[in-house]
Every structure is written in structure tokens, then in C-alpha cells.
Amino acid sequence: MNRFSYARPNDLAEAVQVATAESRFIAGGTNLIDLIKYNVERPARLIDITRVPGLDRIEPAPGGGLRIGALVTNSTVAYDDRVTASYPLLASAILAGASPQLRNAATTGGNLLQRTRCYYFYDSGTACNKREPGSGCPAIGGLNRIHAILGTSEDCIATHPSDMCVALAALAATVHVTGPIGDRVIPFADFHRLPGDRPDRDTTLEKGEIVTAVELPPEDFSAHYTYLKLRDRLSYAFALVSVAAALDLDGDTIRTARIALGGVAHKPWRIPAAEDFLSGQPATAESFARAADTLLSGAQGFGHNTFKIGLARQAIVRALQQAAAGTPQSQIDKRIR
């Protein structure tokens, strides 16, 4: 662990002012502290934003929907009455992840900024294009069971770890940020990046920008949704494949569909064409299988993780069946029905 200075600003303006290219914002620290211990992150300064006012609230959004501040903990979001009533998909995804202790500390903004998962990325003794661009990607020809099958590049096949973000992608959330150039709003689909030739950049945030809130649109998918997470253990494990599915039905006909995948790409994976196909289709296994084919178009395995392609296809169909039936996956009794 390197030596670093510490700052605790009293407001957003001060937080932005003291930020430099070598500094990192910290709140719950559930991911950043690990990265510092492993010498993956070596910030010159930590900027503690836990005293910044106004970021720890859940409140109605101006145009309807809900605005969740960046400092609201995952546990608070998961058990908030407004979230469980109108956005139960988000609550379910949060409860599928981490442990109660981590959810009590982890924040909304921090969850968005988790670094992608890869054995080699976390081992500073190995090459990794995410840590040092141009050094190579040993995962491509190495141990890659947990790695990506979609959106990969010659430089990186790491996966995004968050469950919460998969639900936010499906719900078409927006991310509010502020920084040296002022405030801006980023559609969730544009917030995280695919690796391309710059796998060291996980998001589209600019230097010195800070997440202030996540906003959920006023659409209602509370009756037909599910978050299905497949993993090696039934708890405290990252997804091999996860599916956030939400449907608006007119009888047995799909009016609107939302689907996002986790554990398969460098970012939550959502393909609007698959959702557009389902609009007007009957809520049947055949329709869901065709949507799965669209979602997984171009999927590529790298040996140890090739099984994920078939697993993801089955998971998409099962999740959409659960959503259509109004029987969401329980995050307490995790057996798949």
C-alpha cells in the first residue's frame, strides 16, 4: 500500500476543487480499499465524501420516478418502501449481491464504480492491460472461467461485477454527475464502457467528476419482474450469469420488455433489439428463446468459460418465464423454480 494524503470536503464544490488525476473519491470503500491493499490502485490522495450533504437521500425525481443519492447505502435502497413498491427488481438485485455487512456499507455511487473482476487484474504480479495498457491479457489464454463472452476485445475479457447495475440497466436509469465542467446526466447504457483498446477505463466519467445520484424513470414493472443469478455458491459469490427481466403485459401479450445480463461482459449487457422483438409477442418460451438468441448474438467463449453461452441462454428464458408468471426469484430461498 502506498502513502497518500487525505481530504474530507464539506460540500460538492470543495470535493471537485480538491480532486486531481491522482486522487480517488471514497465513501463506503468496499471495493477501493481492497484495490489499494493489492496495489492495484495507488491514489496520491483519498477524498472522503461521506460528509457532503444532500447525497444520502432517496426522494421523488422532478419528472416522476425516484432519485437515489450517491451516498445512500445498498441496504437502505433495498428496503426502502418506495423502491420495493415501484422498483422491486432493483431491491431484488441488491439483495442477491454481497453480504448484509457489505450492503450496509456499500453506497449507490460506489456500486456503479466497482472495478471489473479478473484474477489477473487483482494480481499486481501479473500482466494486465487494465492496470498497465499494452502489457497483455493473460486471461485470454489462461484461467477464464468467470470471464466475459460478450463485448470483449483483444485487450480484455474481464466482467463487470455489480448486481445492482444490471437492474439499473434494465430499468433504463440515468446517472447524475458533477465535475470541473459542471453537471451532466448520463444514460445508464452509456455510463460503463466496453474494453476496446482502453480497458483501463471502466466508465465514461471524466477526471474529477463525481457521481451525485441515480434517477429511475416512472415506469412500472412491479408486477412482472425477476432477478435471476446463477453462481458457484448460493450466496456471497459473483454471478457466472445473471438476468434482470421486466415485462409489461396485456394478458398474455408483451407490451414492453426490459432485459439486462450480468456476469457476461465488461458492462451490464442490454440489447434494445431483443426487447423490441418481444413487443407484441406472446409471452411464451419460444418468444423468449428468440430474444435470447438476439441478446447472445456474437457471444464467444475462451475455453474455460464457453459453457456460459448455453447457461446464459437458459437463464434468459427462465428469467422471462418467471417475470411473465409474476413469480420472481426469491433471494432468500435461492432455489430456481
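Q: What makes strand S10 and S11 count as a pair, and in which sense do they run?
A: In this predicted model, 9 bridges join strand S10 (residues 241-250) to S11, and the two run antiparallel.

Q: Why are S9 and S11 called edge strands?
A: The open sheet comprises 3 strands in the order S9-S10-S11, with antiparallel pairing. Strand S9 (225-230) and strand S11 (253-262) each pair on one side only. Neighbouring strands of this sheet are turned by 15 degrees against each other on average, direction ignored.

Q: Which helix packs on the sheet, and what does it touch?
A: Helix H13 (residues 307-325) packs there, touching S9, S10 and S11. The direction of H13 makes about 35 degrees with that of S10.

Q: Why is Ala169 called buried?
A: Buried means under 20% relative accessible area. Ala169 has 8% relative accessibility, and therefore counts as buried. The residue is placed in helix H9. Leaving aside neighbours within four places in sequence, Ala169 is in contact with Phe188, Ala260, Pro268 and Arg270.

Q: With which residues is Leu216 in contact, leaving aside its neighbours within four places in sequence?
A: Leu216 is in contact with Gly64, Gly65, Leu66, Ile68, Tyr87, Leu90, Leu168, Leu171 and Ala173. For each of these, the criterion is heavy atoms within 4.5 Å.

Q: What makes strand S4 and strand S5 a pair, and how many residues lie between them in the hairpin?
A: Strand S4 (residues 58-60) and strand S5 (residues 66-69) pair in the antiparallel sense over 3 bridges. Pro60 stands opposite Leu66 in S5. The hairpin has 5 residues between S4 and S5, and Gly64 in the turn has a positive phi of about 95 degrees.

Q: How many bridges join S5 to strand S8, and in which sense do they run?
A: S5 is joined to strand S8 (residues 210-216) by 4 bridges, and the two run antiparallel. Here Ile68 stands opposite Val214 in S8.

Conventions: Residues numbered from 1 in each chain as written. Predicted model: local features only at pLDDT ≥ 70, side-chain atom pairs only at ≥ 80, totals over all residues. Heavy atoms only, no water. Buried < 20%, exposed > 50% of the residue type's maximum accessible area, 1.4 Å probe, protein only. Pairing = 2+ DSSP bridges. Axes fitted to C-alpha atoms, helices over the stretch in contact; angles between N-to-C directions.
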